[in-house]
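The following paragraphs go through one structure step by step. Please keep the sequence and the coordinates at hand.

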Amino acid sequence: MPTYKEVQTHYRTVPPALLFSPPPSIPPPLDLSTSSSTTLPSHPGFSFLPNALPPPAQLSLARACLAEYARPPHATNLDALPREPGEAREALDPWELYKSGATAAGARRLERLSWATLGYHFLWSPRGYRAAARSPLPPLLASLAASLVPGPFVPEAAIVNYYSAKGLPMGGHRDDVELTLLPPVLSLSLGLPAVFLLGGLSKDDAPVPLLLRSGDATLLGGDSRLCYHGVARVLPDATPLPPAPGAGLEEGDEEAVRRFLAVRRINVNVRQVLPEGGSFPDDGA
Ligand SMILES: O=C(O)CCC(=O)C(=O)O
């Protein structure tokens, strides 16, 4: 049985043409969208929701991720990023610059986006949440959670990950710092497809490689809530999102969102942080 790392290394480096023909020791990618099952016997509590977001909803959510979630009061990696020469301090709206197609340094700022955190902010070091570090959880995310997560779920935090097909994706990790681990984590994919690895409770367990496409959602809950997982590969894909009447985006917005999604993947994951009616321990304030 290969370890998480061995499978990850394989999918990080395999040429796209050989994606579906791995060596016998490596599990092939599973395309659950062509399977009649949306669950995995190996992972109780995991479910796959193919095409959970139709194209208009994908465009609206992607626009929100770029124009609204990637700026204050939410926190992003851009906050700590030194500005490039020529990147004016007043160039505060990377989305407007990206939309304009400008090639100035300021316009490239949006391309340097790798994460945003909303609701209770996920703090990377030390990993965790604090009562005082928060911004509003956008109503769009709350309503998506209400329609896609069965059972009790209070959406309190979201992380948005912005990937490119060239950069290093996301290593295997566990979502283990929420103060309740009963509700699942809802995860939504937009843009380029990816090979997602769903591991076990130990990194010695072989992960299941799953193909995730734009519009797919997953729920990681139950006995699988603490399983290792990560993104081994973001795949280039020339297939554009189909026409999406009804998304209600302004023309300039729709063109720019499509331009971004043609070369990047966005993942939005939504979490409950506190037990229902609970609060942070004193030192969390
Ligand atoms: O990008 C993904 O599909 C997974 C993201 C993830 O695992 C995380 O943010 O913890």
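Which residues of helix 4 are buried? This is a predicted model, in which local features need pLDDT of at least 70, side-chain atom pairs count only at pLDDT 80 or more, and totals for chains, interfaces and linings use all residues. Residues are numbered from 1 along each chain as its sequence is written.

In helix 4, the buried residues are Leu141, Leu144 and Ala145 (buried: 20 or more other C-beta atoms within 10 Å of the residue's own; exposed: 12 or fewer; C-beta atoms placed from the backbone). Seen down the helix axis, these buried residues fall within an arc of 100°, so they line one face of helix 4 (the arc is that of the directions from the helix axis to the C-beta atoms). Pro139, Ser143, Ala146 and Ser147, on the other side of helix 4, are exposed. Helices (H or I, at least four residues) and strands (E, at least two) are DSSP runs, numbered from the N terminus.

What do the buried residues of helix 4 pack against? They pack against strand 7, strand 9 and strand 14 (contact: C-beta atoms, placed from the backbone, within 7 Å).

These strands belong to an open sheet of 8 strands, with antiparallel pairing and the order 1-2-12-9-14-7-4-3 (two strands pair if DSSP finds at least two bridges between them). Strand 1 (39-40) and strand 3 (75-76) stand at the edges with a single partner strand each, so one side of each is left without a neighbour in the sheet. Strand 9 (residues 185-191) pairs with strand 14 (residues 264-271) in the antiparallel sense over 6 bridges; Leu186 has Val270 in strand 14 as its bridge partner.

Terms used: Contact = placed C-beta atoms within 7 Å.
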